[in-house]
Amino acid sequence: MRSTLSFRKIWFLAISAVFMIASCSDKTTIFENPEDNLIKETDQQKLDNSVNFDRAGVLDIYEDPATSAKRYGNMTGKAEPAGDYPLTLIAQISPPTFENGENLAATHVALDGDYGYVSYNTVGEDFVGTIDVIDISDPYNPSLTSRVYFTNADLNSIAYDGGYVYVAGGVDAEQSVTATSNSLVAKIAVNNGRLNTSDITFGFQEGDNATDVQVVGNTVYVTSGQEGFVVAYDKSDMTALNEAAFTDLRSIAVNGADIAVLDAAQGVSVLDQSLSVKNTIAIDSDFGIDAKRTLDFSGENIIVSEGNKGAGIYNATTGSFVEHMPILTNPENAEPGDIVTNGVAVNDDVLLMANGAGGLSLSETRADNTTGVGVIELTGSINYVASKGDYVFAASGRSGFQIIKLNRPSESLVERCEDLPSYNGTSNYSVSNGEQEAYSGSKRFNSIAVDGSLLLCGTWTVSNGIDIDDNSVFEMNGAITIGRQYRTRDVVVGAGSTLRIEGNIIIYGDLILEDGATVEFLGDSSIAAVVGNVIKNGDTTITGTFNDYFNRF
């Protein structure tokens, strides 16, 4: 798809190859504390209303048929297998709007600890951007803690390090009193989720528009697009240390001592700390004009977003081609030019691809190959993806961005579950009367029906509810989520039955307790987040210590 990056100069083709500049450009300039053209959002209600829970809850994955057939080839009949990756959508953040800033689109996300930092730019000719700070310490209730508008600058990328956010973007130098070039980098203090615009440093470098920023140790690396540079800045005072010129830089990634930059004119260059080229990876792909493209390291490989080709995987040392990961879906009514890979992110053995109108796809990376799993059930055109720890942030242009939880089991939970066999059964799972079953794992179910005894130890999602028949037992050790905000589903505990929880349960629907039903919470740190109501039909028993998150009990 056509990205929201706001390159505005004519495509530059005169430079045929990478060339190096030993000294820093005279136009790299630093300005201290220019607070003009910055506006803080002070309306807390507006910040609160930007967080949308309408689609929160269990996410499905539209699996690739070929991959599913290989993975579940040992299953008999036509029963749908329970899927891997029990993902949940935590919330969506609506894009900011303000006077003279009505067309903002999310461009990039940085994650650190309990906070996510999001940059926005403006579709079209106007230079307007925004930074959002989101507190994700409470996985059930993220909050927007700070928002700052840039009334004269697009923001295309963002990073966080040591109490500061760093943004890269563009200004119209001809309209700016201070800007000496169109590409900018800004360093802004942030404390406890609040941006401090009185502690800000700006820098400007040559190039049509700054496209990406990375912070490594004491150095800030910034790339700028057509006729641009990769510039290394001293993090302490943002003075330029070194730079190298390229034709059309789109992205930068750092892995140890290696710095990889993506040049749309020729491919990937791997640089050393002095910005000298160590090796190059020639890529014959159409990276598009004005299009956001990113790259990321994965072990010994580099993964590159290559537009309609999907993602290309290359050996970072030798530059040799490894494989292409195609775009896994072709939605109806989408323009072919809108189904392109804009960004990639790697989180352990998971590869995520932001494919524009083709959605957000998930693949599994292994030592010898990468296998596509499917496309995550999200709305909007996905422009960028970032993932760290147990979270995925997907920027979807004018639809804002979406916070996804991977729900990976912790190491301690895995240890608690290690004596149980892994679950590899059907998505619509039922336990017959008199049967006692127990499993470990991390799976997506369609439905669960218990007419006996079932223990699930691990992390789980259920799209369509849980029914515990009369005089039955369902035990859950770990975390489980049922239903969605817009498609509520209930958990029904039958007469004389027991629901036993050690961990977290979130129900987008009602918890219905029939006469004689018991809910037992084990340990002292369990959480019950019932979005609907707890309905007690007769004498029921609730025991144990737990956090009644929505005060429904």
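Me: Which ring does the charged end of R55 sit over?
Reply: In this predicted model, the charged end of R55 is placed over the ring of Y486, at 4.4 Å from the ring centre.

Me: And what about K187, which ring is under its charged end?
Reply: That is the ring of Y164, whose centre lies 4.4 Å from the charged end of K187.

Me: Staying with rings, how many aromatic pairs are there in the whole structure?
Reply: A search of the whole structure gives 17 aromatic pairs. One of them joins Y423 and Y429, with ring centres 5.0 Å apart and planes at 65°.

Me: Why does the pair of Y423 and Y429 count as edge-to-face?
Reply: The angle decides it: planes over 60 degrees apart count as edge-to-face, and the planes of Y423 and Y429 are at 65°, so the pair belongs to that class.

Me: Are those two buried or exposed?
Reply: Y423 is buried, at 3% relative accessibility. Y429 is buried as well, with a relative accessible area of 8%.

Me: What kind of pair do Y549 and F550 form?
Reply: Y549 and F550 form an edge-to-face pair, with 4.8 Å from centre to centre and 85° between the planes. F550 counts as partly exposed because its relative accessibility is 27%, and the buried class requires a value under 20%.

Me: Which residues do ring pairs link into a cluster?
Reply: The cluster consists of Y423, Y429, Y439, F445 and W460.

Me: What does F445 touch?
Reply: Leaving aside residues up to four places away in sequence, F445 touches A82, Y423, T426, S427, Y429, L456, W460, T461, V462 and S463. F445 also belongs to the largest nonpolar core, which has 32 residues. Within that core, F445, L454, I466, F474, I480 and L511 touch the most other members.

Me: What other core lies apart from it?
Reply: Another core, of 24 residues, lies apart from the largest one, and its members include A91, L104, L111 and A386.

Me: New topic: where is I404?
Reply: I404 is in strand β35, which covers residues 401–405. At 1% relative accessibility, I404 is buried. Its contacts beyond four places in sequence include L59, L87, L360 and Y391. The C-alpha atoms of I404 and P139 are 9.6 Å apart, although 265 residues separate the two along the chain.

Me: Last one: where is N209, and what does its side chain reach?
Reply: N209 lies in the loop between β16 (194–205) and β17 (210–216). The side chain of N209 reaches the backbone nitrogen of G170 at 3.3 Å. N209 counts as buried, at 0% relative accessibility.

Note on methods
Residues numbered from 1 in each chain as written. Predicted model: local features only at pLDDT ≥ 70, side-chain atom pairs only at ≥ 80, totals over all residues. Heavy atoms only, no water. Core = buried A, V, L, I, M, F, W, Y, C linked by side-chain atoms within 4.5 Å. Buried < 20%, exposed > 50% of the residue type's maximum accessible area, 1.4 Å probe, protein only. Contact = heavy atoms within 4.5 Å. Helix = DSSP H or I, 4+ residues; strand = E, 2+ residues; numbered from the N terminus. Polar contact = N/O pair within 3.5 Å; in protein donor to acceptor, adjacent residues only side chain to side chain. Phe/Tyr/Trp six-rings, centres within 6.5 Å; stacked < 30°, edge-to-face > 60°. Lys NZ or Arg CZ within 6 Å of the ring centre and 35° of its normal.
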